[in-house]
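Biologist: I would like to go through this structure with you. Could you begin with the terms you rely on?

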Amino acid sequence: MERILDAHCHIYPDKIAAKAVESVGRFYDIPMDMDGTVKGLIEAGEKCGVTNFLVHSVSTTPAQVKKINEFIASQVELNPGKLIGFGTLHPESEDLETDVEHLLELGLKGVKLHPDFQEFAIDCDRSVEMCRLFAGKVPLLIHAGDPRYEFSNPENILKFLEKVPEITLIGAHFSGWSNLEEAMEKLTGIPNLYVDCSSSFYHITKEKAFEAIKAFGTDKVLFGSDFPMWDPASELAYLRSLGLSHEEERQILWENGAVLLGL
């Protein structure tokens, strides 16, 4: 059986999942059809052949960091060999070093930040200070490219990479979301930058999706559904309709993520 990694999945505790999903849908003004639970994620993914899931959640306040990271770690432990966990951090924490140490002690394999939700520029001094604490140890996945804000647009990402050149960065949504052209202009060809294709297919043509994948390189793209925003099955079907070779699809669906995450 071929393995498939969905490298962009949000999960929430069952008791707050409905509220969290509603909040995300309202933020982006996008209908949300999935439930945001671990059970819902695994069931949706396994229906279309997804074997592994990179899961995370984001802290909107420093006080949430420890609890969220322990939740993610607990779900990885409950689903061994299936879930890979990324933790969260917050730049306004009073003790960033302790937060990073705790995240790594939990066995989490990376860090997920959402500058727009968390309201900080990815290239600001405090962000750079925070990310230097784990750079070279685990990768960083960031939301990227909301035109409503200046927190995570391609220019900010480029400045961030210049300040923290030792980091391995995964730019979600082709590192651009609604600023895809700018991302393709400024962020291709950077050795330590990967991208995922999550929450991108719904608003671009197949021709543009194919162009973006080729621009970043099939060895630098990860498949991601952005569950619960989108159903893994529909995102996977879209990717497979683009006309990529089998070898290129294997890179995107498994090989790139396996190398990056040590699977």
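Modeller: Contact means heavy atoms within 4.5 Å. Axes are lines fitted to C-alpha atoms, for helices over the stretch in contact, and angles run from 0 to 180 degrees between N-to-C directions. Helices (H or I, at least four residues) and strands (E, at least two) are DSSP runs, numbered from the N terminus.

Biologist: And what kind of model is it?

Modeller: This is a predicted model, in which local features need pLDDT of at least 70 and side-chain atom pairs count only at pLDDT 80 or more, while totals for chains, interfaces and linings use all residues. Residues are numbered from 1 along each chain as its sequence is written, and side-chain values use heavy atoms, with hydrogens and water left out.

Biologist: What is the strand order in the open sheet of three strands?

Modeller: The order is β1-β2-β3, with parallel pairing; two strands pair if DSSP finds at least two bridges between them. The edge strands, each pairing on one side only, are β1 (5-10) and β3 (83-85). On average, neighbouring strands of this sheet are turned by 30° against each other, direction ignored.

Biologist: How many bridges join β1 to β2?

Modeller: Four bridges join these two parallel strands. Cys-9 has Val-55 of β2 as its bridge partner.

Biologist: Which helix lies across β2 and β3?

Modeller: That is α3 (residues 65-78), which runs at about 155° to β3. Helix α11 (residues 246-261) also packs on the sheet, where it touches β1, β2 and β3. The direction of α11 makes about 70° with that of β1.

Biologist: Why is β2 described as largely enclosed by the rest of the structure?

Modeller: Because five of the five residues of β2 are buried. Buried means under 20% relative accessible area, exposed over 50%, and partly exposed in between (1.4 Å probe, protein chains only). Asn-52, Leu-54 and His-56 cover one side of β2, with Phe-53 and Val-55 on the other.

Biologist: Now the other sheet. What is the order of its six strands?

Modeller: This open sheet runs β4-β5-β6-β7-β8-β9, and the pairing is parallel. At the edges stand β4 (87-88) and β9 (221-222), each with a single partner strand, so one side of each is left without a neighbour in the sheet. Strands β5 (residues 111-113) and β6 (residues 140-142) pair over three bridges, with Leu-140 as the bridge partner of Val-111.

Biologist: Which residues touch the most other members of the largest nonpolar core?

Modeller: They are Leu-113, Leu-140, Ile-167 and Phe-174, in a core of 66 residues. A nonpolar core is a set of buried Ala, Val, Leu, Ile, Met, Phe, Trp, Tyr and Cys residues joined through side-chain atoms within 4.5 Å. A second, separate core of 14 residues includes Ala-7, Leu-54, Ile-84 and Leu-261.

Biologist: What does Phe-174 touch?

Modeller: Leaving out residues up to four places away in sequence, its contacts include Leu-180, Val-195, Phe-201, Ile-213 and Phe-216. Phe-174 counts as buried, at 1% relative accessibility.

Biologist: How many aromatic pairs are there?

Modeller: The count comes to four. Rings of Phe, Tyr and Trp (its six-membered ring) pair if their centres lie within 6.5 Å; planes under 30 degrees apart count as stacked, over 60 as edge-to-face and the rest as tilted. One of the pairs, Phe-174 and Phe-216, is stacked, at 6.3 Å centre to centre and 15° between the planes. These two residues are 42 residues apart: Phe-174 is in the loop between β7 (169-171) and α8 (180-186), and Phe-216 is in helix α9 (residues 206-216). Phe-216 is buried too, with a relative accessible area of 8%.

Biologist: What else is in that loop between β7 and α8?

Modeller: Asn-179 lies there. At 17% relative accessibility, Asn-179 counts as buried. Beyond residues up to four places away in sequence, Asn-179 touches Gly-145, Asp-146, Pro-147, Asn-153 and Pro-154.

Biologist: And Lys-214: buried or partly exposed?

Modeller: Lys-214 counts as partly exposed, at 39% relative accessibility. Lys-214 lies in helix α9 and touches Leu-244 and Glu-248, not counting residues up to four places away in sequence.
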